Amino acid sequence: MTVTYTAEVATSHFGTFWRLLLRWKGSVYKLLWVELLIFVVAYFTISFIYRFALPENHKRTFERISIYCELYNNLIPMAFVLGFYVSIVVTRWWEEFMSIPWPDKMALYVTANIHGHDDRGRLIRRTIMRYICLSFVMTARAISTAVKKRFPTDDHLTEAGLQTENEQKIIEGVKTNNSKYFVPLVWTTSIISRARKEGRIRDDFAMKTLVEELNFVRGQLGGLLNYDWINVPLIYTQVVTMAVYTFFLSCLMGRQFLDPQQGYDNHQIDFYIPIFTILQFIFYMGWLKVAESLLNPFGEDDDDFEMNWLIDRNLQVAYLIVDEMHSEHPDLIKDQFWDEADFTLPYNAASEQFKVTDPHVGSAADIEVPEHASEFVPLASIPEEPVHAISTPQDVPRESTAVRFNSLSSRKRRNRLNLKNSEILDRHSPRSMTSQQEEDIFMMSDLSVEKAGVVDQDQEAETRFGGNPSERTLTSDSVQNVSECRT
């Protein structure tokens, strides 16, 4: 079962993590005690032979070998190799957990979109959720040893009530060597289509929602099979394991305490127990054991996922949502704060100390801007770049937006007036209108366009220059000149 200690570290104070060191289940001691015992026994055996069994000339040879092992032992990059490997394994372990599908969302969609309180409606809803749970069990049985031991054959699934005998025969009759977890999901899509034809699903959008969620569940199950199929590269696991074990094999010789009378560097003191070497063994070997435990979280280790509990929980919750609680809710009544807009939920004596009287409203909420700096800057006071400073790729001055807009508007108005004049001409007989009359009509249309353009220019000048009279007078003079020319 997964080891949970979240409640014990909810509040950090002195000695919080010291209590965790005394736990046995899922601890580093439980994982390492066999390897640590073998290492300590081997170390003291070599030390005893060096101190009491070897003659003096052999002792000198042993000391040279020990110094050689210690010198080159540090060339093994233990921290880098183990750290990178454990990081990959832990990330993979959490992603595998997040790939486990939960049927709660699908059950909520089913109970909301498949209507009917009769036995037919209940049967459709319960069968859909049973098929989803059956597909999950078939997938879990393929990747988890604990689930495989619980349901070793299809007969156990039938006896447990996850499938009927007829469904078992159909699944066994599907001709494929691959995993058949998808078969109940295919049945589910057929049931959803039939419910739509029967009118129990009222619109196509609700049907689309159910099918999309069903495809999401299928993707999660396929992801679990992919994690079981594609592992961390074997060569990487071998390299890490060889690095750790060869490192501590060399420590059996290199970390021996040599005779201080020989004057070797770093061997001025003689100890019998290698305390720091034992601690290093616990850290590095424990790191490796963590990776070994998390590499396949669907096994039977203390920290592996509780797949059998998930199976029981998912089926029970799914049936409760789509059947026992279908279309049921408490009576709609006014809540306690119906007529209140500003209220606070009560605190008891144990939680009074956690009441927040000064809530956080933003880190910049208390910044005060001086009054002289809080006024908006008028747009007219903002200097504009000269027109000649902005040029096209051909070094041609670019027209301002207002000029281009007025030109475009004038062309549009000229086209509309010409169209209207053409309609006027069409309504009159060609023989009843002289050429002079036609020319007068077109001259009047040109004058209208000129006046309309001048009005737009006046509005633009008033917007840009704050209603400068000189600009408006200039524009009006231009209108007068145009009128005189036309006259």
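Biologist: Where does the UniProt record place the feature "transmembrane region", and how much helix does the chain hold over residues 75-94?

Modeller: The unreviewed UniProt entry places that feature at residues 31-54, 75-94, 235-257 and 269-287, and such an annotation may be inferred rather than shown by experiment. In this predicted model, the chain over residues 75-94 is 85% helix and 0% strand, with its end C-alpha atoms 32 Å apart, while over residues 269-287 it is 68% helix and 0% strand, with the end C-alpha atoms 30 Å apart.

Biologist: How should I read the span of a helix, and what span does α2 have?

Modeller: The expected span is 1.5 Å times one less than the number of residues. Helix α2, residues 28-53, has 26 residues and reaches 35 Å from its first C-alpha to its last, close to the 38 Å expected. The helix also bends, by about 40 degrees, at V34.

Biologist: Which residues of α2 are buried, and what covers them?

Modeller: A residue counts as buried when its relative accessible area is under 20%. In α2 the buried residues are L32, E35, F39, Y43, S47, Y50 and R51, and their cover includes α3 (56-73), α12 (234-254) and α13 (275-294).

Biologist: How do I read the sides of a helix, taking the buried residues of α9 as the case?

Modeller: The directions from the helix axis to the C-beta atoms define an arc. In α9, residues 165-173, the buried residues are E167, Q168 and I171; seen down the axis of α9, the buried residues fall within an arc of 105 degrees, so they line one face of the helix. On the other side of α9, E165, N166 and K169 are exposed, whereas the cover over the buried residues includes α6 (119-143), α8 (154-160) and α10 (183-197).

Biologist: Is R130 buried or exposed, and which residues does R130 touch?

Modeller: R130, which lies in helix α6, has a relative accessible area of 12% and is therefore buried. Leaving aside residues up to four places away in sequence, R130 touches G161, L162, Q163, T164, E167 and Y319; one of these, E167, is among the buried residues of α9.

Biologist: How many aromatic pairs does the structure hold, and how are the rings of F48 and F52 arranged?

Modeller: Rings pair if their centres lie within 6.5 Å, and planes under 30 degrees apart count as stacked, over 60 as edge-to-face and the rest as tilted. The structure holds 22 aromatic pairs; in that of F48 and F52 the ring centres are 5.1 Å apart and the planes stand at 45 degrees, so the pair is tilted. F48 and F52 both lie in helix α2, four residues apart, which is about one turn of the helix, and F52 counts as exposed, at 60% relative accessibility. Elsewhere, ring pairs link F39, F247, F248, F281 and Y284 into a cluster, and F39 is one of the buried residues of α2.

Biologist: What should I note about phi at N266 and at S327?

Modeller: Phi of N266 is near 65 degrees, a positive value in a residue other than glycine; N266 lies in the loop between α12 and α13 and, at 74% relative accessibility, counts as exposed. Phi of S327 is near 55 degrees, again positive in a residue other than glycine. S327 is found in the loop between α14 (307-324) and α15 (401-427), and its relative accessible area of 47% makes S327 partly exposed.

Technical notes:
Residues are numbered from 1 along each chain as its sequence is written. This is a predicted model: local features need pLDDT of at least 70, side-chain atom pairs count only at pLDDT 80 or more; totals for chains, interfaces and linings use all residues. Side-chain values use heavy atoms; hydrogens and water are left out. Helices (H or I, at least four residues) and strands (E, at least two) are DSSP runs, numbered from the N terminus. Buried means under 20% relative accessible area, exposed over 50%, partly exposed in between (1.4 Å probe, protein chains only). Contact means heavy atoms within 4.5 Å. The bend at a residue is the angle between axes fitted to the seven residues ending there and the seven starting there. Rings of Phe, Tyr and Trp (its six-membered ring) pair if their centres lie within 6.5 Å; planes under 30 degrees apart count as stacked, over 60 as edge-to-face and the rest as tilted.
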